[in-house]
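Here is a short tour for a reader new to this structure. Look over the sequence and the fold, then read on.

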Amino acid sequence: MDDYPLLGIFWTMLIFFLWIMWFLIVVHIVVDIFRNEDLSGLAKAGWLLLVLLLPLLGVAIYLIVQGKGISRRTGHRGYRGASDLGPYPVATSSSGGDVRELERLAELHRAGALSQAEFDHAKHRFLAY
């Protein structure tokens with residue numbers, strides 16, 4: 001322990017955890033590049049090469065150019081995950097929740113996400129509660 005002081009251990013741990021954090025940021029950006037539907041295949045390849053060949057500069061440029069898109073895509077991905085619970089909404093017991101659910105059903109039907117039969121079935125299930 002004499003040849004490796006406490007401050008040396010602190011700096012080693014700090015550098016190690018900063019390296020892990022950097023690795024996670026790069027992985028998140030690479031995943032976002034592939035999930036970005038606004039980019040063509042050539043643009044995705046260009047971004048990927050830039051991020052992997054010049055990591056500091058590539059990550060900084062990607063965050064500046066695509067920063068708002070990252071949060072938007074991450075938010076949409078979380079919202080879509082909620083629809084995995086089932087095709088039909090479940091009634092809530094909170095006040096005002098019933099009206100909001102019926103409005104959401106009507107909006108999905110108007111947008112074409114639900115057919116007339118699906119809309120009627122979901123409305124019937126919702127109102128049966």
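What span should the 13 residues of helix H2 have, and how far apart are its end C-alpha atoms? At 1.5 Å a residue, H2 (residues 41–53) should span 18 Å. Its end C-alpha atoms are 18 Å apart, so the two values agree. Keep in mind that this is a predicted model.

## Overall layout

The protein chain has five helices and zero strands. Read along the sequence, the pattern is α-α-α-α-α. There are 129 residues in the chain, and buried residues make up 20% of them. The accessible surface comes to about 9,700 Å². Carbon and sulfur atoms hold 69% of that surface.

How much of the contact set links residues 24 or more positions apart? Among contacts with a separation of 6 or more, such pairs account for 45%.

H1 has 30 residues. At 1.5 Å a residue they should span 44 Å, and the end C-alpha atoms are 44 Å apart, so the helix agrees with expectation. Its buried residues are Gly8, Val26, Ile29, Val30, Asp32 and Ile33.

Now back to H2. Which of its residues are buried? They are Trp47, Leu48 and Val51. These residues cover an arc of only 100° around the axis, which puts them on the same side of H2. The face turned away from that buried side carries Leu42, Leu49 and Leu53, which are exposed.

## The nonpolar cores

In soluble globular proteins, nonpolar side chains tend to be buried together. The largest nonpolar core here has eleven residues. Its members are Val26, Ile29, Val30, Ile33, Leu39, Trp47, Leu48, Val51, Val59, Tyr62 and Ile70. The elements that give two or more residues to this core are H1, H2 and H3. H1 gives the most, with four residues.

Leaving out residues up to four places away in sequence, Val30 touches Leu48 and Val51. A second, separate core has five residues. Leu105, Phe119, Ala122 and Phe126 are among them.

Tyr62 is found in helix H3. Is Tyr62 buried or exposed? Tyr62 has 0% relative accessibility, so it counts as buried. Setting aside neighbours within four places in sequence, Tyr62 is in contact with Ile29, Asp32, Ile33, Asn36, Trp47, Gly67, Ile70 and Arg73. Tyr62 and Leu50 are twelve residues apart along the chain, and their C-alpha atoms are separated by 9.0 Å.

Gln66 is also found in H3, which covers residues 55–82. Gln66 is buried, because its relative accessible area is 15% and the cut-off for buried is under 20%. Which residues does Gln66 touch, beyond those up to four places away in sequence? They are Asn36, Leu39, Trp47 and Arg73.

## Salt bridges

How many salt bridges does the model hold? The count comes to two. The table gives both pairs.

| Side chains | N to O distance |
|---|---|
| Asp38 and Arg72 | 3.6 Å |
| Arg110 and Glu107 | 3.0 Å |

Take the salt bridge of Asp38 and Arg72. This pair links distant parts of the chain. Asp38 is in the loop between helix H1 (6–35) and H2, Arg72 is in helix H3, and they are 34 residues apart. Asp38 has a relative accessible area of 60%, so it is exposed. Arg72 has 42% relative accessibility, so it counts as partly exposed.

The other salt bridge joins the side chains of Arg110 and Glu107. Where do these two sit? Both are in helix H4 (residues 97–111). They are three residues apart, so about one helical turn separates them. Arg110 counts as exposed because its relative accessibility is 61%. Glu107 counts as partly exposed because its value is 44%.

Terms used: Residues numbered from 1 in each chain as written. Predicted model: local features only at pLDDT ≥ 70, side-chain atom pairs only at ≥ 80, totals over all residues. Heavy atoms only, no water. Expected span 1.5 Å × (residues − 1). Buried < 20%, exposed > 50% of the residue type's maximum accessible area, 1.4 Å probe, protein only. Arc of directions from axis to C-beta. Contact = heavy atoms within 4.5 Å. Salt bridge = Lys/Arg side-chain N within 4 Å of Asp/Glu carboxyl O. Core = buried A, V, L, I, M, F, W, Y, C linked by side-chain atoms within 4.5 Å. Areas by Shrake-Rupley, 256 points an atom, 1.4 Å probe, with all protein chains shown as cover.
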